Amino acid sequence: MNRPTFPQVIVVDDDEATVEVFSEYLELNNVKVLATAHNGFDAVKIFQQNRPEIVFIDVMMPIYDGFYALEKIREIDPDVPIVMVTADLSKATEERLVSLGASKIIYKPFDIPELLDCIETYAKR
Amino acid sequence: MKTEYTQDLELQRILLREINKKLKSQKALQNKDSATPSFGELQSMCEQITKSQKRASYKTILAVAAILSVGFLATSFMSLDNSNESSPLSTYYVVENVRGDKLGINTHLALSDDSVSVRILDRVGLDAPTINAIKMAILSEETVEIDGSITHKTRPDDYSTYYVGWKGALGSITEPTKNILPKSFVFSDSSNAQITIEIVGHTNPDGYDGITRSILSADNNSITKSHITVYNADKKSSNEIETIIRHEFGHALGLKHSTDPDDLMAPTITSAYPFISECVLEGLFHLYDGMSQEEYECKS
């Protein structure tokens, strides 16, 4: 990546092991993980505190889910790329995510090159 | 289906760990050569691994991963555990009379009306979001629904309401109490504020992250003033400071420590959800209704 600075992201998933390994993977690919959270409520908080370039949010989380985080973050920043990660393949979920302003939907288990492509695409903006 | 999905995710984690390990090795080599890995090289590597993931059976990959893991454990000098969970927050509180004698009692805040003045003394120059987080611990009226199984209180899918801020929490108490229950909080710069929050950069000699010192009235029947101190604030996240304030503010209102380790008012806060529980509110209600907290056992 011919970038003067590393892309800066936040990662939100209720599964701590996934957050850990995913964040490590991003860091190893020269992507700076500014903060992580395990629910939608904390996702909004860390977004406000860090203002990342790209946001990765798992959809299905307890208490405050990814829909909540997507909606709130979109209210704060209409332009920030928000990548929603989900295992729910239903059309209804896709439509809801799109209507709430998801920039991209990645389905679990995700395709790893697709993930890097995604970061490359949004970080260039 | 659920099992297959879980296995798929577990498999992906295993593969990601393996990719991470390879990337680390590659980076170590490149550091020796002072070369920077290109995005294309990394992507190509991931594609190769992903293709092998698609070709191989689940059992084969597990077996390979297990062998690689054993090898990795034998040779690794780096821990994969880079989790950024915050440390437990250690707290303390003390109640003194006007002469400075420490008393082992707890009582309610003395109020002429339901408004409480609060002063923030920021000694470290916190940023605006952190100051806002402190205020939210007091003023927020937001609630959070938490699955009781997470806090080891109820069965899964049995949700309880928790409050993010004290204003919202206290506002939910509608039954009248014998003593005036605080309902609103006004921030002020006056040194006469009933609750002062002091944010400092130095370390507490006993290792506490937060301390509340409350002064009783002459008749020892109520709290006239409280002073909350948050230590090492410049090294704490706004989430941690907010949690400490939420906890210490409970002491300023008269609460003592909880014996429930998952509760906001536990002496050491370890809960991932350090919000104000209905149990805390029940205790507070009884305290302001004239019953000592020692006499009260949480029912919810």
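Analyst: Gladly. Read along the sequence, chain A follows the pattern β-α-β-α-β-α-β-α-β-α, with 5 helices and 5 strands. Please keep in mind that this is a predicted model.

User: How many residues of chain A count as buried, and what makes a residue buried?

Analyst: A residue is buried if 20 or more other C-beta atoms lie within 10 Å of its own. In chain A, 45% of the 125 residues count as buried. As for contacts in chain A between residues at least 6 apart in sequence, 59% join residues at least 24 apart.

User: Why are H2(A) and H3(A) called roughly parallel?

Analyst: Helix H2 (residues 40–50) of chain A packs against helix H3 (residues 66–76) of chain A at an angle of about 25 degrees, and their axes are 8 Å apart. Angles under 35 degrees count as roughly parallel, so H2(A) and H3(A) are roughly parallel to each other. Their crossing is right-handed.

User: Which residues meet there, and what classes do they belong to?

Analyst: From H2(A) come Gly40(A), Ala43(A), Val44(A), Phe47(A) and Gln48(A); from H3(A) come Gly66(A), Tyr68(A), Ala69(A), Lys72(A), Ile73(A) and Ile76(A). By class, this contact has 7 nonpolar, 3 polar and 1 charged residues. Gly counts as polar in this scheme.

User: What makes H3(A) roughly parallel to H4(A)?

Analyst: H3(A) and helix H4 (residues 91–100) of chain A pack at an angle of about 20 degrees, with axes 9 Å apart. With roughly parallel meaning under 35 degrees, H3(A) is therefore roughly parallel to H4(A). H3(A) passes H4(A) in a right-handed crossing. On the H3(A) side the contact uses Phe67(A), Leu70(A), Glu71(A) and Arg74(A), and on the H4(A) side Arg96(A), Leu97(A) and Leu100(A). Sorted by class, that gives 4 nonpolar, no polar and 3 charged residues.

User: How do you know that H2(A) is mostly covered?

Analyst: Of the 11 residues in H2(A), 8 are buried. They are Gly40(A), Phe41(A), Asp42(A), Ala43(A), Val44(A), Lys45(A), Ile46(A) and Phe47(A). The cover includes strand E1 (8–12), E2, strand E3 (54–58) and H3 of chain A, together with strand E4 (143–147) and H6 of chain B. After H2(A) comes Arg51(A), whose phi is positive, near 45 degrees.

User: Why is Asn30(A) called partly exposed?

Analyst: Asn30(A) has 18 other C-beta atoms within 10 Å. Buried needs 20 or more and exposed means 12 or fewer, so Asn30(A) is partly exposed. Asn30(A) lies in the loop between helix H1 (16–28) and strand E2 (32–37) of chain A, and has a positive phi of about 60 degrees although it is not a glycine.

User: And why does Asn232(B) count as partly exposed?

Analyst: Asn232(B) has 19 C-beta neighbours inside 10 Å, and 20 or more would be needed for buried. With that count, Asn232(B) is partly exposed. Asn232(B) sits in the loop between strand E9 (223–230) and helix H6 (238–252) of chain B. Asn232(B) is not a glycine, yet its phi is positive, about 50 degrees.

User: What about Glu141(B): why is it partly exposed, and what is it in contact with?

Analyst: Its count is 15 C-beta neighbours inside 10 Å; with the limits at 12 or fewer for exposed and 20 or more for buried, Glu141(B) counts as partly exposed. Its place is in the loop between helix H4 (128–139) and E4 of chain B. Leaving aside neighbours within four places in sequence, Glu141(B) is in contact with Gly165(B), Lys167(B), Gly168(B) and Gly171(B). Glu141(B) and Gly165(B) are 24 residues apart along the chain, while their C-alpha atoms are separated by 5.8 Å.

User: Last one: what makes a set of residues a nonpolar core, and which residues touch the most other members of the largest one?

Analyst: The residues must be buried, of the listed nonpolar kinds, and joined through C-beta atoms within 7 Å. The largest nonpolar core has 52 residues, and Ile197(B), Val230(B), Ile245(B), Phe249(B), Ile276(B) and Val280(B) touch the most other members. H7(B) gives the most to this core, with 6 residues. Another core, of 39 residues, lies apart from it, and among its members are Val9(A), Ile82(A), Val83(A) and Leu15(B).

Conventions
Residues numbered from 1 in each chain as written. Chains lettered and ligands numbered in written order. Predicted model: local features only at pLDDT ≥ 70, side-chain atom pairs only at ≥ 80, totals over all residues. Axes fitted to C-alpha atoms, helices over the stretch in contact; angles between N-to-C directions. Helix = DSSP H or I, 4+ residues; strand = E, 2+ residues; numbered from the N terminus. Parallel < 35°, antiparallel > 145°, perpendicular 65-115°, else oblique. Left-handed = near helix turned anticlockwise from the far one by under 90°. Contact = placed C-beta atoms within 7 Å.
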